[in-house]
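Here is a short tour of a protein chain, starting from a single residue and widening to the whole fold. Have a look at the model first, and then read on.

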Amino acid sequence: MTHPASVRIDIDLTLQRLQLKSEGGEIVASYPVSTGLNGPGESDGSGCTPRGEHYVRASIGAGLPVGTVFRARRPTGETYSVDLARLHPERDWILSRILWLCGREWGKNRGPGVDTFRRFIYIHGTPDSEPMGVPLSHGCVRMRNADIIDLFDRVRPGTAVSIR
């Protein structure tokens, strides 16, 4: 496992790919993702994925089972299943782990009208039936459950995140 202080996260919106890079720029891990269906953008209520420089403000879900369901950043006590999904077709599933992002650029992704943190933009797990490599989220960065758990275990709050 790479020491968390020596890594950064780079997310490529065009390639729908998240790369974990070492301090020297070497790719430590690479994962397919799904970002905002509405494309890139920073405005509140846009459903877009915010660009620019961010950092992991909070890591939520350490040690919880794969498929743990979160609502408002708290585990519901449920574990995702096809049957649960059938009962709640309206839910945007946030599963397994959450890396809550905060913008670093005032007026671009931090501050009134554009604040990544206040928009509740996360890197999080999603049902494994959801496609990766295709923008389909409400603005967050969705990952396979095994991938978000692997990434979660390699980073900590304060880890730099660049979204381009």
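Contact here means heavy atoms within 4.5 Å. Leaving aside residues up to four places away in sequence, Arg 142 touches Pro 32, Val 33, Ser 34, Asp 92, His 124, Thr 126, Glu 130, Met 132, Leu 136 and Ser 137. One of these, Glu 130, is joined to Arg 142 by a side-chain polar contact of 3.5 Å (a pair of N or O atoms within 3.5 Å, one able to donate a hydrogen and the other to accept it; residues adjacent in sequence count only if both atoms are side-chain atoms).

A note on the source: this is a predicted model, in which local features need pLDDT of at least 70 and side-chain atom pairs count only at pLDDT 80 or more, while totals for chains, interfaces and linings use all residues. Residues are numbered from 1 along each chain as its sequence is written, and side-chain values use heavy atoms, without hydrogens and water.

Arg 142 sits in strand 9, residues 141-143 (strands are DSSP E runs of at least two residues, helices H or I runs of at least four, numbered from the N terminus). With a relative accessible area of 7%, Arg 142 is buried (under 20%, with a 1.4 Å probe and protein chains only).

Zooming out, the protein chain has two helices and 10 strands, in the order β-β-β-β-β-β-α-β-β-β-α-β from the N terminus.

| Property of the protein chain | Value |
|---|---|
| Buried residues | 52% of 164 residues |
| Contacts between residues 24 or more positions apart | 64% of contacts with a separation of 6 or more |

How values were computed: Buried < 20%, exposed > 50% of the residue type's maximum accessible area, 1.4 Å probe, protein only.
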